[in-house]
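Good morning, and thank you for making time for this presentation. Please have the sequence and the model open while I speak.

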Amino acid sequence: MKTGIATFSLDTGRCPAWLFRRMKQLGGLMAEMIIEEYDEEELLKRLSDPTYFQALGCSLAFDWNSSGLTVVLLAALKESFRERNLKIHIFGGKGKTSRKTPMEILTFGEKKGFDPNPYIKLSKLIAKIDNNLIQDSFSLYHHSFILNEKGSWGVIQQGLNLNSAKARRYHWYGGRLEPDADLTEESHQGIASQIFLKNILNLTAQSSRANKDLMVKLINQPKDLNRDLEIFLRPRKSLFLDNHDFYSHPVNREKFNLKRLRATLEKTSSLNPQDIENLVLAKGVGPKTIRALSLVAELVYKEPASKIDPARYTFIAGGKDGIPYPVDRQTYDETIELFNKALIKSKRTNVGFKSK
């Protein structure tokens, strides 16, 4: 599995219609050329690579450092893939559209005659991992699930942090479905980011395995868990825990709604989740529930979670924001025409694009 993370500035502007139309045309042509030369799997792998995805957005003249590149590029490709009848499909999108992902996958599965439920579950799990198991202060607002007709999948999703005015994009490539694959551990590799965060909760790290295992054990022992919650949710009762540092701030500054937390934990306990995946997927379990369980595992049972950020450290026709220069529409249109002719010629001659 190859995945990645990219971080950049929040963009509140809009993509002009003339640029979106050209992005859809040229992006679709480039995608079809990759499929013609290789296959849908290669295109999926490239879109799942944060560096390639960023370069593609820049080559289509979008702002190089903007969060809008994710939203606009995926919207353009989604429309283009559908219009060109390519055997690779994008579901979901930004905001309310992201919540339509399960229904879009379901409809597509019924149309193509395959069981969509494993992919629907996968889509939900990936969103939960990046939003709940990696608590890096970025809240997801965009989710796109990519699927080719051979069953290989990828996910591109994005979160925002209003305080820092930054966005962070998460890439996944999973290939074919592997029922026994553990997507909750060391799930991000080949990562590129502008910034590195300190003191976050990273439960995807291998070093967090014991913490996660204990979380699952605790949720299935509600009496012990309730006792342990009292220890750190009311820290004044314990001299040892009062003002104890946890991820750069004292425990007694954690703002948990105890009544709601207890109700969620009680409901989740009744489901008897046997692993972290099922715990994360349980209805009602969000970042605060996960953080509370992780806190108990660390502070009461001395099994810490990782605090290390999982992130690691080309234009064709200009850029929308004028960098490196304003978009040259004539060159853009000529490039589209050139690519279109090359694609038509390749299909006629069946020789591909590589030099022979």
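I shall take confidence first, then the helix packing, and then some individual residues.

This is a predicted model, in which local features need pLDDT of at least 70 and side-chain atom pairs count only at pLDDT 80 or more, while totals for chains, interfaces and linings use all residues. Residues are numbered from 1 along each chain as its sequence is written, and side-chain values use heavy atoms, with hydrogens and water left out.

To begin with confidence: pLDDT is the predictor's confidence in each residue, on a scale from 0 to 100. The protein chain averages 83, and 83% of the residues score at least 70. Over residues 236-252, however, pLDDT stays under 50. For that stretch the model has 33 contacts beyond four places in sequence, a contact being heavy atoms within 4.5 Å.

I turn now to the helices. Helices (H or I, at least four residues) and strands (E, at least two) are DSSP runs, numbered from the N terminus. Two packed helices are described by the angle between their axes and the distance between the axes. Here the axes are lines fitted to C-alpha atoms, for helices over the stretch in contact, and angles run from 0 to 180 degrees between N-to-C directions.

How are α7 and α11 oriented to each other? Helix α7, residues 209-219, packs against helix α11, residues 287-299, at an angle of about 105°, with the axes 9 Å apart. The two are therefore roughly perpendicular; angles under 35 degrees count as roughly parallel, over 145 as roughly antiparallel, 65 to 115 as roughly perpendicular and the rest as oblique. From α7, the contact uses N211, L214, M215, L218 and I219. From α11, it uses I290, L293, S294, V296, A297 and E298. By class, these residues are eight nonpolar, two polar and one charged. In this scheme Ala, Val, Leu, Ile, Met, Phe, Trp, Tyr, Cys and Pro count as nonpolar, Asp, Glu, Lys and Arg as charged, and the others, Gly among them, as polar.

Helix α11 also meets helix α9, residues 258-271. Their axes come within 11 Å and cross at roughly 85°, which makes α9 roughly perpendicular to α11. L261, T264 and L265 of α9 meet T289, A292 and L293 of α11. This contact has four nonpolar, two polar and no charged residues.

Next, some individual positions. S80 lies in helix α4, residues 68-83. Is S80 buried or exposed? With a relative accessible area of 2%, S80 is buried; buried means under 20%, exposed over 50%, and partly exposed in between, using a 1.4 Å probe and protein chains only. Leaving aside residues up to four places away in sequence, S80 touches K24 and G28.

S137 sits in the loop between β3 (134-135) and β4 (139-148), and is partly exposed at 45%. A165 sits in the loop between β5 (153-161) and β6, and is partly exposed at 39%.

Finally, the cysteines. How many disulfides does the structure hold? The structure holds zero, a disulfide being a pair of cysteine sulfur atoms within 2.5 Å. C15 is partly exposed at 22% relative accessible area, whereas C58 is buried at 5%.
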